[in-house]
Amino acid sequence: VVGLEPGCMSVFKDELLKFFPEDPRAKVLSQRAYLLGDFLHEQEYVPPKMDCNILVHAHCHQKSLFGTKGDVALLEALGAKTRYIDSGCCGMAGSFGFNPEHIEISKAAGELVLLPAIRSTDQDTIILTNGFSCREQIEQETGRKVMHLAELLNKSIIANS
């Protein structure tokens, strides 16, 4: 199973095993659940080159359950100038930040590292994150458009065709 959203894919990678710890099908599915970057990297996909600057925020579930090895390898192969934000959580935490009771906490978490880093980056830099909640938080609080890895790879294909 190849997915785009780290939070959703965590169901297969982590939560499934908690519900069915002895089920061999759950173990196989967990082992065969990939985020797009990891799957493409494992398939030895090499994206077309792209001359750009990219600022990357890795989603919490991606960092904790999948890692970023595949994304890092693809971005390196892309040839882009890439910088990674050591930002922890964006603050949105799935649906947490959409709850009116949590909005201020959500914004405060984002303001620790992530949102100031985005604001201090020039407008030509591509902001990249795979989490829908991360993208929502960044766009709402900074006004910056954010891309998913799949969108970036598509852009590199279009730019080179």
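## Cysteines

Cys60 is partly exposed, at 29% relative accessibility. In this predicted model, the closest cysteine sulfur to that of Cys60 belongs to Cys89, 3.6 Å away. That is too far for a bond, because a disulfide needs the two sulfur atoms within 2.5 Å.

Cys134 is buried, with a relative accessible area of 2%. Its sulfur has the sulfur of Cys90 as closest cysteine partner, at 3.8 Å. This distance, too, is too far for a bond. The structure holds zero disulfides.

## Helix α9

Which residues of helix α9 are buried? Leu149, Leu152, Leu153 and Ser156 are, in a helix that spans residues 149–159. They cover an arc of only 100 degrees around the axis, so they sit on the same side of α9. An α-helix has 3.6 residues a turn, so residues three or four places apart point the same way.

The buried residues of α9 pack against helices α3 (36–42) and α5 (69–78). They also pack against strands β3 (53–56), β5 (126–128) and β6 (146–147).

## Asn130

Asn130 lies in the loop between β5 and α8 (132–142). Is Asn130 buried or exposed? Asn130 counts as buried, at 7% relative accessibility.

The side chain of Asn130 makes a polar contact of 2.8 Å with the side chain of Asp71. A polar atom of the Asn130 side chain also lies 3.1 Å from the backbone nitrogen of Leu149. Leaving aside residues up to four places away in sequence, Asn130 touches Leu4, Glu5, Pro6, Gln62, Asp71, Arg135, His148 and Leu149. Of these, Leu149 is one of the buried residues of α9.

Note on methods
Residues are numbered from 1 along each chain as its sequence is written. This is a predicted model: local features need pLDDT of at least 70, side-chain atom pairs count only at pLDDT 80 or more; totals for chains, interfaces and linings use all residues. Side-chain values use heavy atoms; hydrogens and water are left out. Buried means under 20% relative accessible area, exposed over 50%, partly exposed in between (1.4 Å probe, protein chains only). Helices (H or I, at least four residues) and strands (E, at least two) are DSSP runs, numbered from the N terminus. The arc is that of the directions from the helix axis to the C-beta atoms. Contact means heavy atoms within 4.5 Å. A polar contact is a pair of N or O atoms within 3.5 Å; within protein, one must be able to donate a hydrogen and the other to accept it, and residues adjacent in sequence count only if both atoms are side-chain atoms.
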